[in-house]
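Please open the model in your viewer and keep the sequence at hand.

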Amino acid sequence: MANSKTPRLDELEKGRWPSFVKIMKRAAVKKPAAGDLLKQLELSYEEKVGHWKHGGIVGVRGYGGGVIGRYSDRPDRFPNVKEFHTFRVNQPSGWFYTSSALRQLCDIWDKYGSGLTNFHGATGDIILLGAPTENLQPCFDELSEHGFDLGGSGSDLRTPSACVGPARCEYACVDTLDLCHTITQEFQNELHRPMWPYKFKIKISGCPNDCVASIARSDLSVIGTWRDSIQVDPQAVAAYADQGLDIQGEICGKCPTRALSWHPERKELEIRREECVRCMHCINKMPKALRPGRERGATLLIGGKATMKESAFLGWVIVPFMKMEPPYTELLDLLRRIFNWWDERAKNRERIGELIYRLGMRAFLHDVGLPPVPQMVARPRANPYYYWRPEEVRSNG
Amino acid sequence: MAKTDIGPPDYRQMLPPVVQRNYGRWRFHEIVRPGVLRHVSENGEELYTVRVGSPRLLDTDAIREICDLADRYCDGYLRFTSRHNIEFLVSDQSKLEPLLQELWKREWPVGGTGNSISNIVHTQGWIHCHTPATDASGIVKAVMDDLYDHFTHMDLPAKLRISMACCLNMCGAVHCSDIAILGIHRKPPYVDKELVSKICEIPTVVAACPTGAIRPNPKEKTVEINEERCMYCGNCYTMCPAIKIMNPETDGVAIFVGGKVSNARTAPMFSRLAIPFLPNNPPRWPEVVEAVHNIVQVWIDHAQKGERMGEWIERIGWERFFQLTGIPFTEKHIDDFIFSVPTFRSTTMFRW
Ligand code: SF4
Ligand code: SF4
Ligand code: SF4
Ligand code: SF4
């Protein structure tokens, strides 16, 4: 490889994990853009610095988002990535595909783009990586013709995503896929036309295992849960014990609220329903014996986000339990009230969690019409700095 | 003109028949072997899932290869996970072994289930973003090469979730991962004053700074940065390209540990700073690979069965974590941003 043009990147063809460099090289055989991308990346590896220009607004007719503009800062050396824009294509709920749908995408992308993609981007969209400006509209037209649409970008609703849910998971307490699809369809305008102070993310997990990290990564997190007791199959419990599972140590001993007792003589697992906080641990460890209860719905949490700019937040409980059945009117109405409240008050680039922190949870709950309940807090305030609404105050009473 | 606002393809058209028949009726699952799940429904039907690691960056040939495999072994149905894994959905058990053989031949890694490391969630880096402090794909490749056996074997105390983001924007939302690899800058940005006055909105730039380090300079229609307050987040650069934050000499990588998102046993938690800086050393970032390897190994050696990284550290105490890993504790580990107070120790209970 003495005359390789990419000696540094070649090092990343070694090793057992699949190599993105091999993939880029293969794409480069067919597409000059992929070839220039590879060479520009080699330059970044040499200089330890990126070579993409800052921003650039591009798009398709009728939408304000869904395409990210990207321009090389060395078009002199890498003319084929002078314009190298990205499509965010809205994934089907739960990232399920037929091979024919994926082949359709490949054919379109080979025609208009670099042939490179990400399955998937951080928010969940299919990422089509790199097309020149003039190809954006025809590429979108063809995507649309074949039933695909763009996802969110900029200050809009970002593409909602959901865990695999009832399609393949016995833990799912809500129909994550249907809910995700319904929300996405309901808010197409908010998704495609950025008109908000900043982004808004929605993620849906079917149970508190939260496989899509909704509590950390979404402004509005929907997490399936239940209200009655865990369902127990006593025979299956006994079978786990017979197979040598240390039920006392690994199950009861790890229950966060000591809600479980193991009676080895009877091979019986006792669950104190009022102590269980539905953490999923025992169910995860004994899926054949334990299942979520029958009275199912979701907990809603608000404000989850990464660090920028006022610190990272994990979502805060605002609705401990809501039934989640089609047509999901209660949730959709609440979402509209939340969007409006935030849209009317937030500063530029202020996420809803930061706004609630600035104006107070009290104001948020009052304005969107959610009653305060103890499930919302880990513990009550320790300071005496609280407000009274004038109508609440009468002398001596 | 193309139709707009049609929304994504309906997932119902993408579900394999066995899923359509058993939607919401799965009874239990088990991990047959690393990377292979068996789901059984109430009526006894089975679905095998084969989980395969991918580099996230795929060309159309790779996607067609995956489609060919899905056609041959899964009647054309597959899915992806939120961590960039491919999942082949096998409804005919007799096709499971041949699929695994073929994946083995084609060098696609099968694993990522149970007490193993799953794929590393990551971002664009030098491949396609304008603000990175480091590359993402290269570090991920080097780290996964090193931890490969923990992907294909379920030999860890608990599951291990590593994430990588190439700047503080954290598209990869790394802030709740067992191990987070984060690209960081270390020098205040350089303000191209003339350009600022031409292309940037001053109030937006001033408002972008988390620490109030940016002052407007109305006379010259530019801004000034109080270098003592700047902690190099790059948010001003996001708002204004005339403020340059990238610096090939001083940019690098930080490591945070102990986060989780699942509610199992313990509440979700943030990852916290372990290593403030490691050099950017492409193409294989040996310092980063070594640091991650060390943390994983110390966790393997000391954690109890079933303990996530953060649960283990919270049990033994952070002071012991630094001792066991040999990572030096510095002033940088002590929070001085706006929510710092609850992280200070307000008890006499601690370990030596
Ligand atoms: S979040 Fe719960 S329901 Fe959804 S896939 Fe994970 S374990 Fe299953
Ligand atoms: S779900 Fe969690 S809290 Fe409830 S009984 Fe099981 S381990 Fe305990
Ligand atoms: S983390 Fe930062 S550098 Fe990396 S892709 Fe996101 S914005 Fe770009
Ligand atoms: S890099 Fe961050 S902290 Fe420094 S001046 Fe810019 S916005 Fe402020």
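Begin by selecting A:Lys30, which counts as partly exposed because its relative accessibility is 45%, between the 20% and 50% limits of that class. Please bear in mind throughout that this is a predicted model.

The side chains of A:Lys30 and B:Asp61 meet in a salt bridge, at 2.6 Å from N to O. This pair crosses between chains: A:Lys30 belongs to helix α2 (residues 20–30) of chain A, and B:Asp61 to helix α2 (residues 60–74) of chain B. B:Asp61 is partly exposed, with a relative accessible area of 23%.

Now widen the view to the residues linked with these two. A network of salt bridges joins A:Arg26, A:Lys30, A:Asp107, A:Asp110, B:Asp59, B:Asp61 and B:Arg64. Over all chains, the structure holds 57 salt bridges.

For the second stop, select A:Arg168 and B:Glu87. These residues form a salt bridge whose closest N and O atoms are 2.6 Å apart. This pair, too, crosses between chains, running from A:Arg168 in the loop between β6 (161–162) and α6 (176–186) of chain A to B:Glu87 in strand β6 (residues 86–90) of chain B. Are the two partners buried or exposed? A:Arg168 has a relative accessible area of 5% and is therefore buried; B:Glu87, at 0% relative accessibility, also counts as buried.

Select B:Asp145 and B:Arg284, which form a salt bridge with closest N and O atoms 2.6 Å apart. The pair links distant parts of the chain, 139 residues apart: B:Asp145 is in helix α4 (residues 137–152), and B:Arg284 is in the loop between β14 (272–279) and α8 (286–302). B:Asp145 is buried, with a relative accessible area of 11%, whereas B:Arg284 is partly exposed at 24%.

For the last stop, return to chain A and select helix α14 (residues 361–368). Which of its residues are buried? They are A:Phe364, A:Leu365 and A:Val368. Turn the view to look down the axis of α14(A): the buried residues fall within an arc of 95°, so they line one face of the helix. To see what covers these residues, display chain A elements including β13 (296–302), β14 (316–322), α12 (329–345) and α13 (352–359).

Conventions. Residues numbered from 1 in each chain as written. Chains lettered and ligands numbered in written order. Predicted model: local features only at pLDDT ≥ 70, side-chain atom pairs only at ≥ 80, totals over all residues. Heavy atoms only, no water. Buried < 20%, exposed > 50% of the residue type's maximum accessible area, 1.4 Å probe, protein only. Helix = DSSP H or I, 4+ residues; strand = E, 2+ residues; numbered from the N terminus. Arc of directions from axis to C-beta. Contact = heavy atoms within 4.5 Å. Salt bridge = Lys/Arg side-chain N within 4 Å of Asp/Glu carboxyl O.
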